[in-house]
Amino acid sequence: MKMWTLLGVLGLCAGLFGADGWSNNNPERKSLLPPVKILWSENFTGTLKDFDIEYRDGAEGKVELENAELKITKSNSSGYILVKSRKPFQVPVKTELQTYAGVRCGDANPEYSIGQLRLLGKNGDLKYFSGLNGRGGGGHKMTFLTNTAPSVWERKLAHLLVSEKTGELITPVIVVAGPPSTSFWKNWGVEDYAEFKSKWKTIFRSDKEEATNPRFSSADLEKQLSESAEHTAKVVQHDGRAMLLVDDKPAVPVFFKNYGQRIPGRPLKGTAMEQAGVSLRVVQLNFGQGPQVRGLWKDKKTFDVDAALSTIEIAMRTYPDSNLVLTVSLNHYKEFCTDFPEETWIRADGKTVYGRYVHSPQALAAKLPEGSWPWASMSSPVWQEAVKDNLTLLIDALKKSGMSKRIVGVHIGGYHDEQFSTRHTDYSKPALQNFRKYLRKKYGTEENLRKAWNRPDV
């Protein structure tokens, strides 16, 4: 087995491959389009007279139509450009709307350049996901412009719940703000969000039903593995973009995460994969506590390798023609910080950082969310060594069982949103020790540090 760790090859949402834009990454997304009620669409084959273009709060730039694409050039850092359709549409109150578009950009300033979709009612509210509470996932990706390789498109979404406040007449808009940038937009539309969700749930249910009916027996799988060659994968640069190759055939352009997925063997899909005859599926393994799942890492002495092998075996028996990527959450078991109190993540104010499953509260309220527990510092050597040991146990067991032949990658994640993101500055003992090691390596002496920081008191 050649194990490749795919650490977020690109950004949060799936990258987009080829001229067809983001829909290329999920073939089902295209097949869903006709049955889902399209309420409004814009293909940019008309003229600029189809739009109201506003340069607000000092914004400067230019809006053009090129090759059935909308080109928005922002030439200064002030204000924002608003492109409003002159073809609003009317829907009843309580309608859930989802607007979508493909966008590409090559000169964005990360975390500062903004390009986003909005649906405006009579109140002129540009608020993100207004009226649909809890639908704001992926906010950064939906808000900021991301640099893409040539011909690679990314998907933008926004939602609106039509209400008496918004009124029934809705106008789609595109907002570009921040530093100078040039972005291209196409495939702009609005669909019935409730119907869209219903269609996707149907696909999800079919995957779940399939996963409960393995096609192979354990004996069939053992025979297949004994006769199989080892499959491999690697990440390469192709035409200026990252590409995962499986057995030297193109697979997905991006692999991010699959947290919370309780169906062993959910498919990864894309047009390039289908054309190359590659079938790739994901199996999630939780080391620590997950939603309604205790996890494989039970306590400081127990890691349940057999449970991991059982989950992987079910996926292999259900999808005997597919190779697998393991997506592994490295979070610790709930009582870890009780067993190792000095490894606990501590904020600047001395308070403990708590989390649940995959999220850490941004600000600690007077009452912690139900089911929270202390999180260990990511600098904790105890946690790091335990994770290494557990991964080694898992990979050794896969090799011994022969299942490693059909596993082409291990994608690791952990902590907040499975991104190892740090929503709180870490002042724990392990973090301070690591920071001091970093300073000694970078500056050599305390005198050099004081001089570089212009801080004679450190």
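Leaving aside its neighbours within four places in sequence, which residues is Ser377 in contact with? They are Glu343, Thr344, Trp345, Trp383, Tyr415, Asp426, Ser428, Pro430 and Ala431, where contact means heavy atoms within 4.5 Å.

This is a predicted model, in which local features need pLDDT of at least 70 and side-chain atom pairs count only at pLDDT 80 or more, while totals for chains, interfaces and linings use all residues. Residues are numbered from 1 along each chain as its sequence is written, and side-chain values use heavy atoms, with hydrogens and water left out.

**Overall composition**

- The protein chain holds 10 helices and 22 strands; helices (H or I, at least four residues) and strands (E, at least two) are DSSP runs, numbered from the N terminus.
- Of the 458 residues in the protein chain, 47% are buried. Buried means under 20% relative accessible area, exposed over 50%, and partly exposed in between, with a 1.4 Å probe and protein chains only.
- Among contacts in the protein chain with a separation of 6 or more, 75% come from residues 24 or more positions apart.

**Ser377**

- Ser377 sits in the loop between strand S21 (373-374) and helix H8 (381-401).
- Ser377 counts as buried because its relative accessibility is 0%.
- The side chain of Ser377 makes a polar contact of 3.2 Å with the side chain of Ser428. A polar contact is a pair of N or O atoms within 3.5 Å; within protein, one must be able to donate a hydrogen and the other to accept it, and residues adjacent in sequence count only if both atoms are side-chain atoms.
- A polar atom of the Ser377 side chain also lies 2.9 Å from the backbone nitrogen of Ser379.

**Second largest cavity**

- The structure has 3 cavities of 30 Å³ or more. A cavity is a set of points, on a 1 Å grid over the protein atoms alone, where a 1.4 Å probe fits but cannot get out.
- The second largest cavity contains about 50 Å³ of space. Grid points are joined across faces, edges and corners, and a volume is the space filled by probe spheres set on the points.
- Its lining consists of Gln289, Asn331, His332, Tyr357, Trp373, Trp375 and Tyr415; lining residues have an atom within 4 Å of a point.
- By class, the lining of the second largest cavity has 4 nonpolar residues, 3 polar and no charged. Ala, Val, Leu, Ile, Met, Phe, Trp, Tyr, Cys and Pro count as nonpolar, Asp, Glu, Lys and Arg as charged, and the others, Gly among them, as polar.
- Tyr415 belongs to this lining and is also one of the contacts of Ser377.

**Sheet S12-S13-S14**

- S12, S13 and S14 form an open sheet of 3 strands in the order S12-S13-S14, with antiparallel pairing. Two strands pair if DSSP finds at least two bridges between them.
- Strand S12 (233-238) and strand S14 (249-250) are the edges; each has a single partner strand, so one side of each is left without a neighbour in the sheet.
- S12 is joined to S13 by 6 bridges, and Gln237 has Ala242 in S13 as its bridge partner.
- S13 (residues 241-246) is joined to S14 by 2 bridges: Val246 stands opposite Lys249, and Leu245 is partnered by Pro250.
- S13 is largely enclosed by the rest of the structure, because 6 of its 6 residues are buried.
- Arg241, Met243 and Leu245 point one way from S13, while Ala242, Leu244 and Val246 point the other way.

**Hairpin turns and positive phi**

- Most residues other than glycine have a negative phi.
- The hairpin of S12 and S13 has 2 residues between the strands, and Asp239 in the turn has a positive phi of about 55 degrees.
- Asp239 and Pro150 are 89 residues apart in sequence and 8.2 Å apart in space, C-alpha to C-alpha.
- Pro150 lies in the loop between helix H2 (139-143) and strand S9 (154-161), and counts as exposed because its relative accessibility is 62%.
- The hairpin of S13 and S14 also has 2 residues between the strands, with Asp247 at a positive phi near 50 degrees.
- Asp247 counts as partly exposed because its relative accessibility is 29%.
- Asp248, in the loop between S13 and S14, has a positive phi near 65 degrees. Asp248 counts as exposed because its relative accessibility is 57%.
- Strand S3 (residues 61-66) and strand S4 (residues 69-74) run antiparallel, joined by 6 bridges, with Leu65 opposite Leu70.
- In the turn of the S3 and S4 hairpin, Asn67 has a positive phi of about 50 degrees.

Technical notes: 1 Å grid on protein atoms, 1.4 Å probe; cavity = no way out; pocket = protein on both sides within 12 Å on 5 of 7 lines; lining within 4 Å.
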